[in-house]
Amino acid sequence: MAERTADVSESGEAGLKRMRMRSWRRGTKEMDLVLGNWADANLEGLDDAGLALYDRLLAENDQDLMAWLLGQSAPPGWAAPLLARIGAFARDRLRARLGA
């Protein structure tokens with residue numbers, strides 16, 4: 001997939017808003033729930049490099065993201081650490097909701 005380059009004229013707040021919206025409006029409900037909740041909880045704490053990496057991840061299709069998160073296929077090296085964080089967040093959130 002072609003790498004998306006950030007709009008240099010986009011303000012920090014506008015970039016966060018755009019990434020949150022793209023996280024919640026993925027195309028599949030499963031990815032909306034995983035990425036939307038992670039974005040709400042974590043985006044503001046990321047540095048510029050982390051935001052750029054997350055923005056790059058948002059350019060990937062949902063089927064690949066889900067396969068990578070579920071361990072059905074290996075993610076690309078650039079995405080593996082971030083996907084591990086997102087997957088751990090989703091598992092912890094699910095456990096908390098189930099009371100486990």
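**View 1. What lines the largest pocket, by residue class.** In this predicted model, the lining of the largest pocket splits into nine nonpolar, four charged and two polar residues. Together they make up a lining of 15 residues. As for the space itself, the pocket's volume comes to about 350 Å³.

**View 2. A look in at the pocket centre.** Zoom in on E30, V34, A90, R91 and L94: of the lining residues, these lie nearest the centre of the largest pocket. Among them, E30 and R91 count as charged, while V34, A90 and L94 count as nonpolar.

**View 3. The helices around the pocket.** Three helices, α2 (29-42), α4 (62-69) and α5 (80-98), each bring at least two residues to the lining of the largest pocket. Which of them gives the most? That's α5, with seven residues.

View 4. Of its 100 residues, 36% count as buried. Take the contacts with a separation of 6 or more: 55% of them come from residues 24 or more positions apart.

View 5. To finish, here's the surface. The accessible surface of the chain amounts to about 6,100 Å², and carbon and sulfur atoms account for 54% of that.

Key: Residues are numbered from 1 along each chain as its sequence is written. This is a predicted model: local features need pLDDT of at least 70, side-chain atom pairs count only at pLDDT 80 or more; totals for chains, interfaces and linings use all residues. Side-chain values use heavy atoms; hydrogens and water are left out. On a 1 Å grid over the protein atoms alone, a cavity is a set of points where a 1.4 Å probe fits but cannot get out, and a pocket is an open set with protein on both sides within 12 Å along at least five of seven lines; lining residues have an atom within 4 Å of a point. Grid points are joined across faces, edges and corners, and a volume is the space filled by probe spheres set on the points. Helices (H or I, at least four residues) and strands (E, at least two) are DSSP runs, numbered from the N terminus. Buried means under 20% relative accessible area, exposed over 50%, partly exposed in between (1.4 Å probe, protein chains only). Contact means heavy atoms within 4.5 Å. Accessible areas come from the Shrake-Rupley method with a 1.4 Å probe; for residues, only the protein chains shown count as cover.
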